[in-house]
Amino acid sequence: FLDQELLKVKRFDHKLRKIMNLEPPKEETSLLGTGGSSEEEPMRYESLDEDEQELVDGMFDDFANINYDAQVEHKSLEEIETYLLEQQSILNSMPTLRPVPGWYTSRFGYRRSPYTGLRQFHRGIDMSNAVGTPIIAPADGIVVYAARKGQYGKLLVIDHGYGYSTRYGHLSELFVTEGQRVKQKQIVAAIGNTGVSTGPHL
């Protein structure tokens, strides 16, 4: 019974690895059984005849094999857990949430400058709303800049790891400081009209 249940766990293990595109367990840890006697000889009982002793020996071997397979499976499942936790960390670090409610007043790409009237490349997305509107972190990360900076006015930059970072300009308030770790949906700043800006927006 135990070996049948363990076989089900192994099949599920291999299915998970296939779904997650993980390498199969190493050769030495993917055995279905080891066979033979354990390192320590099973206890022998003088009161048992030869057939009974053979049955007891076989039971010891079976328990040893199941114990070995269970340890192998435990190690494999720990590896899968580590992989899933890493993937969860990556997902939490991807800035997929909209940081503030409002309407788009300018998108990323070429546009006519509101100051010169000339065509220029706009390296951001402008979202308009009232001064003081809360801004949330769209993903987990670490604050790497939180101060005034030229045309951005009050600027906040969050490094989300895995190559992702986001920046928020023209803020009225900063609620976090450099070096602080922030969580997704945490309020980090408020919309303002600082720096070079034609009106309240992020």
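A residue counts as buried when its relative accessible area is under 20%.

**Figure 1. Overview of the predicted model.** Of the 202 residues of the protein, 31% are buried by this criterion. The protein contains two helices and 10 strands, and its elements follow the order α-α-β-β-β-β-β-β-β-β-β-β from the N terminus. Among contacts between residues at least 6 apart in sequence, 57% join residues that are at least 24 apart.

**Figure 2. An open sheet of six strands.** The strands are arranged in the order S5-S10-S8-S7-S6-S9, with antiparallel pairing. Strand S5 (134-136) and strand S9 (181-182) each have a single partner strand and stand at the edges, so one side of each is left without a neighbour in the sheet.

**Figure 3. The hairpin of S6 and S7.** Strand S7 (residues 154-161) pairs with S6 through six bridges in the antiparallel sense. Val 143 lies opposite Ile 158 in S7. Five residues separate the two strands of the hairpin, and Gly 150 in the turn adopts a positive phi of about 45°.

**Figure 4. The hairpin of S7 and S8.** S7 and strand S8 (residues 164-174) run antiparallel and are joined by six bridges. Ile 158, which stands opposite Val 143, has Thr 166 in S8 as its bridge partner. Two residues lie between the strands of this hairpin; Tyr 162, in the turn, has a positive phi of about 55°.

**Figure 5. The salt bridge between Lys 183 and Asp 140.** Side chains of opposite charge can pair when their charged atoms come close. A search of the whole structure finds one salt bridge. In the pair formed by Lys 183 and Asp 140, the closest N and O atoms are 3.3 Å apart. The pair links distant parts of the chain, 43 residues apart: Lys 183 belongs to the loop between S9 and S10, and Asp 140 to the loop between S5 and strand S6 (141-148). Asp 140 has a relative accessibility of 15% and therefore counts as buried.

**Figure 6. A charge over a ring at Tyr 145.** The charged end of Lys 149 sits over the ring of Tyr 145, at 5.6 Å from the ring centre. As for pairs between aromatic rings, the structure holds zero.

Notes
Residues are numbered from 1 along each chain as its sequence is written. This is a predicted model: local features need pLDDT of at least 70, side-chain atom pairs count only at pLDDT 80 or more; totals for chains, interfaces and linings use all residues. Side-chain values use heavy atoms; hydrogens and water are left out. Two strands pair if DSSP finds at least two bridges between them. Helices (H or I, at least four residues) and strands (E, at least two) are DSSP runs, numbered from the N terminus. Buried means under 20% relative accessible area, exposed over 50%, partly exposed in between (1.4 Å probe, protein chains only). Contact means heavy atoms within 4.5 Å. Rings of Phe, Tyr and Trp (its six-membered ring) pair if their centres lie within 6.5 Å; planes under 30 degrees apart count as stacked, over 60 as edge-to-face and the rest as tilted. A charge sits over a ring if NZ of Lys or CZ of Arg is within 6 Å of the ring centre and within 35 degrees of the ring normal. A salt bridge is a side-chain nitrogen of Lys or Arg within 4 Å of a carboxyl oxygen of Asp or Glu.
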